[in-house]
Amino acid sequence: MGAGVGRIDAKFASLRQEGRAGLGVFITAGDPDAATSAALLKGLPGAGADMVEFGMPFTDPMADGPAIQEASQRALRGGMTLKGTLALVKEFRQGNQDMPIILMGYYNPIYSYGVDAFLTDALDAGADGLIVVDLPPEEDNELCVPALKRDMAFIRLATPTTDDKRLPKVLTNTSGFVYYVAVAGITGSASASNDMITGAVERLKRHTDLPVCVGFGIKTPEQAADVAKVADGAIVGTAVVNAIKGSLDGDGGATATTVSDTLGFVKTLAAGVRGARA
Amino acid sequence: MASPAPANSLRTGPDENGHFGIFGGRYVAETLMPLILDVEAAYTAAKLDPEFQREFEYYQKHYIGRPSPLYFAERLTDHFGGAKLYFKRDELNHTGAHKINNVIGQALLAKRMGKTKIIAETGAGQHGVATATACALFDMECEVFMGAVDVDRQKPNVDRMRLLGAKVHPVTSGSSTLKDAMNEALRYWVSKPDTHFYIIGTVAGPHPYPAMVRDFQSVIGIEAKAQMLEAEGRLPDTLVAAIGGGSNAMGLFHPFLDDTDVALIGVEAGGHGVDTDKHAASLTGGRPGVLHGNRTYLLQDDDGQIAEAHSISAGLDYPGIGPEHSWLHELGRVQYVSVTDDEALEAFALCTRKEGIIPALEPSHALAHVGKILGDLPKDHIVVMNLCGRGDKDVDAVIPKLEAKGLL
Ligand SMILES: Cc1ncc(COP(=O)(O)O)c(C=O)c1O
C-alpha cells in the first residue's frame, strides 16, 4: 500500500470490495489541545471512521461557520501550529498505515511554511492528501501542481455553483476523490435534500471516474446513511466538532469524557454509513 | 487628460489572472469562483460600453458632486513654512468620503447584472453609508457587515445606515473589526450566490475587485491632474494619501504612476508605533501572504496566522493592503511610511483650527506625514494630499482624546 494518493486509492478500492461507502470525519488539529487531538485521531479508525479530514487551524477560515471557527480558535489558543499539526499526523501514522489523512485548511499557513518544505514534511509525516479551500483551479501553480508531482493527492471541492461548463476545470488536476459541497454556503449551515444530493452525485459521476464524497450539512447518522446510499463517502465535520465542544469544561478545556463522547458519536455515524446499503 | 500608456507603463496591470507581479490573484473558495468570474465578465463589458460610462459620469457629477475641488491650503502651508500644500477635497462628496465614487460604479454594475440585493463590509462606516445610500437611490436591498468594535466607535455612521434602510450586522468573530467584517461578508455571499452582489469597499479582495475599485476611484487622480495644470500650469511634485486597504491612495496615484517625476507617498496607520504589536502598517511590518482572495503584504505571525491590526482609525484598522500597493512597494514606485495614533490626532486638531475643515481620522494620518515633510521642502515644491473624508463620524471618539491631551 502506497502513501499519499496511493493510500486513498487503496482505501476506496477496499470500500468498493466491501460494497459500502466510507465515513470521513473532520476534526481540527489541536482542538481543544494537542494531547486530546492525538487521542481522538488514534481512536477514529476503531470508531469506524474510514478517513480523516484533519483541519489545519487558521485565524480567518473564510468558508467555515461558527463551530469550526471556534474549533480553530481553541486550537490556536492552545498553541497549535502547522508544525504541530504535522507532528500529530506523524504520531498517528506510526500506529496506523491504513487510514488516509487529508489535511484541510487555508493556504496562508502553508505559504508561510513554504510550499516545498510543507510538502516534504507533510508526506514524511504520513499525510496523503490536501484540501485547500482558497486555492481554486485558477491558482493551481501554487500548490496543486507541486503536490501532484509528489503523489500528494489534491482534492478539489465541487459546489452547487460549479456548473457543467466549469466542472471539467475543477476536475482537472483533482486526485484521490472529489469532494462535493452539498450546500452553497459555509460549514455548519442547513442540509441539502436527498434529491439534490443524488442529482449532484450523478452529475459528477458523468464527468469523473474518481470517487465522490459529499460533505457540508451532514449532521446525523440518518443523513450520513442517506448520503452513503448514493455517494462513495459521507464527510461529517461540524456535528463532530460540536460533539467535542459539548464535552468541554467552562473554559473550553478537555474533560474526562471528551474522547469517549466524541468517538461515541462517530460510532453512530459509522453505523449509519455501514448500514446504508444493507 | 490620460495620455496613452508607454511601453513600460505601470498602469497596465493586472494581467488577465488578476496579478500585479506576484500579488493579487483569486484565492477564493470554489463556491465563489463562478460569482467573481461573472463580476469580471460584466465589468469587462461595462468598461467598453459608452452607455455605462455615461451613466457613471452622470451620477458622479449630479449626485456625488464631482469634480471635488483642489484647494490651496494656505494657512497650513504658512504654518509648516515650506512646500505648497493642496487638498484634494473628496470629503465634500455626497456622504462625506471618497467611498461613494466606487460604490456608484459597482451599484450600476450590479444593476446591469440584474442583482438587486447588495452586501458590503465596512470599517469606519463610510463605505457602509455610501453603499446604503446607493441602495436607497437604486432601490436595492442592503446588508452591511461591520465589526462590533467599529459599531461602537463609529456610531453616527451606524445610525445613518439604518436611516437609509440598510441592515447592519455587527460581527463578533476574531478581532471584531474590518478584517472580520470582510470574512463575514464573504461567508454570507457564499450562501447567497444567485441573488447577491458584493460591493467591496477598497482595492482588495479577489480579482477583479482591486482593479475595478481602482478604476472607479481613479477619477480622483484624473481630476487632480487637470486641476493642478490649471492652477499651477504643471504637475505636482508629491502626492500623499492615507492607506487602509488603499483605495483613496490608488485613486489618486494611479493616473500619475507613469509621471516618474511625481513622488508618491502612502501613509499607513502606525497605531502605538510600528515597533509595537499594535499597529496596522502591513507594508512596514508585514510580509507577503494570502487573505481575502489575494496575495499581498499581511500582518501575521511565524505560523502564517493573521495578526490583529490596531489603529485609532477604524478605516485603517486592517492587517492587509491592496495587492497593487504591495507591487508598487516592491518596485519602489511608491514610498510607504507610517504615522502613529497620537500624530494623527494632533493633525486632526491642527486641520480643524487652521483650515476650518474637520477631517476624518484616516486623512489625518496623511496630514500628519505632510506635517513632517512640508517644512523641509522648498517653497516652489507642490504637495497634493487626499483629504478623502470628513470627520463628523469621529467627533464623539476624538473629543475625549483631545481633552486628555490638552488639545481641547
Ligand atoms: C475617509 C476614509 N479614508 C480612508 C479610508 C481607508 O480606506 P482606503 O485605504 O481604501 O481609502 C476609509 C475607510 O473606511 C475612510 O472612511
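Modeller: A salt bridge here is a side-chain nitrogen of Lys or Arg within 4 Å of a carboxyl oxygen of Asp or Glu. This is a predicted model, in which local features need pLDDT of at least 70 and side-chain atom pairs pLDDT 80 or more, while totals for chains, interfaces and linings use all residues. Residues are numbered from 1 along each chain as written, chains are lettered from A and ligands numbered from 1 in written order, and side-chain values use heavy atoms, leaving out hydrogens and water.

Chain B is assigned domain 1 (19–62 + 99–213) and domain 2 (67–96 + 218–404), with bounds from an automatic or database domain assignment. Their centres, taken over C-alpha atoms, are 22 Å apart. In contact (heavy atoms within 4.5 Å) are 41 residues of domain 1 of chain B and 43 of domain 2 of chain B. Together the two domains bury about 3200 Å², 60% of it on carbon and sulfur atoms; buried area is the accessible area (1.4 Å probe) that two parts lose on being put together, summed over both. On the domain 1 side, B:Phe23, B:Arg153 and B:Lys179 lose the most area to domain 2, together 21% of what that side buries.

B:Arg153 also has a charged partner: its side chain meets that of B:Asp317 in a salt bridge (2.7 Å, N to O). By class, the residues of domain 1 of chain B that touch domain 2 of chain B are 18 nonpolar, 17 polar and 6 charged, where Ala, Val, Leu, Ile, Met, Phe, Trp, Tyr, Cys and Pro count as nonpolar, Asp, Glu, Lys and Arg as charged, and the others, Gly among them, as polar.
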